[in-house]
Amino acid sequence: RQLLASRPPLSPSSSSSAADAGADEAPLHRIVAYARVVRSHRNVTFISLADGSLPGNETLQGVYRSSSSSSSLPDHQQLAPGVGLELTGRLKPSRGRGQAYELDIEHLKVTAPVDAATYPIPLTSSSTPASNDLLRKYAHLRPREARHAAVLRARSAFEKAISDWFWDAGFSRVAAPILTSSDCEGGGEVFRVEQDQGEEAGPTTPFFSSATPAFLTVSSQLHLEALAMGLGRVWTCGPSFRAEGSATNRHLCEFWMIEAEQLTSSSGPAALHEVMQTTQGVVQAAMHFALHHEQTRKDLEMLWQGHEATLQELESVASSSSGPWPTMTYTDAVSLLESEGRQLDEPPPAWGQSLSSSHERWLAQHVASGPLFITDYPSGLKPFYMRANENQGPEERRTVACFDLVVPRLGELVGGSLREERLDRLEAQPAALDWYAKDLRRYGCIPHGGFGLGLERLVGWLTNTDNLRDVASFPRTKGPLRY
Ligand code: 4AD
């Protein structure tokens, strides 16, 4: 945070006192940064300095005057954009537009040269940003790009806000295992871990046991449920792995999920509502903090440039005075899609079928103009652990007490449900799940529920980044693994 820390507060009173004091009395700062843009005139060179601590496109303007600097200026080739520098100088009120201060450089040394002829990303000007496709090819160089850095800083802000919100709401943060023995979602999209220990242990000796396969976790939910029985309210944030075959811009093979589990104090729809309230609280906390934190706000303003109206919409969604977000059942959602003539969609809406992402986006936009909870999906569409709704009609119209939170422009952001706590409803599970389906249920299972929120989806939604490959710093998708 050096550039930021070295800058005095940008208030008019401090700027005039700095001016009164005169340049010589301003303290000497030592700064490590890289050059973004270098502009040379006859006796003066302007270098915009960045070190990732300033929000948006902001840089600290360094001014090198050959008359007042003690070191000689490296030649033009050495001073290419992207070069790492060590500088000393004094901060002075700036006459330049859009900046309160500049660094009057006294001494400058190139500490990290750049091979400008082969550097693959244009760094020189924010008005000609590199394309997302190009940047994806260079994920190891991409964090230097202002937009990607802003997305990563925003993610950090969301995580801080979510963590604080959970703490204040009495949730304990717990750690769930990454290596697991089951496919929580039952979708079959698990990555199996190779258990062969290699030649030394003998090629046929599995590390854990031949009876238990090992997988990378697809969700921490089952473990969180066990922990919730001891701690009441728990949450975690960790990586989830899914062997997603489809290459959509909303699916990664490795993504981070915020998951929470809580005991519920009511029953029926009111219990589901308790879990939806937690979901809303978490999402709003992330939005509210980011929009009101000075630096993160500047990052968001840069990311939403040209779409100011959407940023304003997000602001009203973040406000707790907006009340509970709208809710509608899956059955009503399908009827609405049908009555609105969406049958020509591919696939068309039909009871018993998943809602497509475009249906979800349409519903969020047209029903709620913002986040919308869609509840009570057909049991055939959802995993085994969701609680069956009571007073059901015929077998084929059975539903479960669950919700998806869908939002404009993205579609599904969160999936949650009440968990089936009745032993007799869960007994037909594989023996490997006895600890979950039997023990947790027969030794005192307080009704409970929870949800999972895809962190990259949240970040993409709030930072105007459509493709999750541009949110994850080293995205994992099907195909060669470069990093
Ligand atoms: O709806 P999902 O599959 O729910 C679960 O895994 C539950 N066991 C979570 C729980 O209740 N504790 O996934 C939850 C969320 C989705 O709404 C989505 O935001 C995100 O995780 N998600 C993905 N994000 C990126 N890439 C993928 N392949 C994702 N799959 C799910």
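**The ligand shell**

Author: Around the ligand, β10, β14 (411-418), β15 (448-454) and α13 (455-462) each supply at least two residues of the shell. Helices (H or I, at least four residues) and strands (E, at least two) are DSSP runs, numbered from the N terminus. This is a predicted model, in which local features need pLDDT of at least 70 and side-chain atom pairs count only at pLDDT 80 or more, while totals for chains, interfaces and linings use all residues. Residues are numbered from 1 along each chain as its sequence is written.

Reader: How many residues surround the ligand, and which are the closest?

Author: The ligand is surrounded by 24 residues, and the closest are S219, Q221, G415, G452 and G454. A residue is near a molecule or strand if its C-beta atom, placed from the backbone, lies within 6 Å of it.

Reader: What makes β9 and strand β10 a pair?

Author: Two strands pair if DSSP finds at least two bridges between them. β9 and strand β10 (residues 254-263) have nine bridges in the antiparallel sense, so they pair. One of the residues involved is T236, whose bridge partner in β10 is E259.

Reader: Why do strand β6 and strand β9 count as paired?

Author: Strand β6 (residues 172-173) and strand β9 (residues 233-241) run parallel and are joined by two bridges. The definition asks for at least two bridges, so this is a pair. S172 has V234 as its bridge partner in β9.
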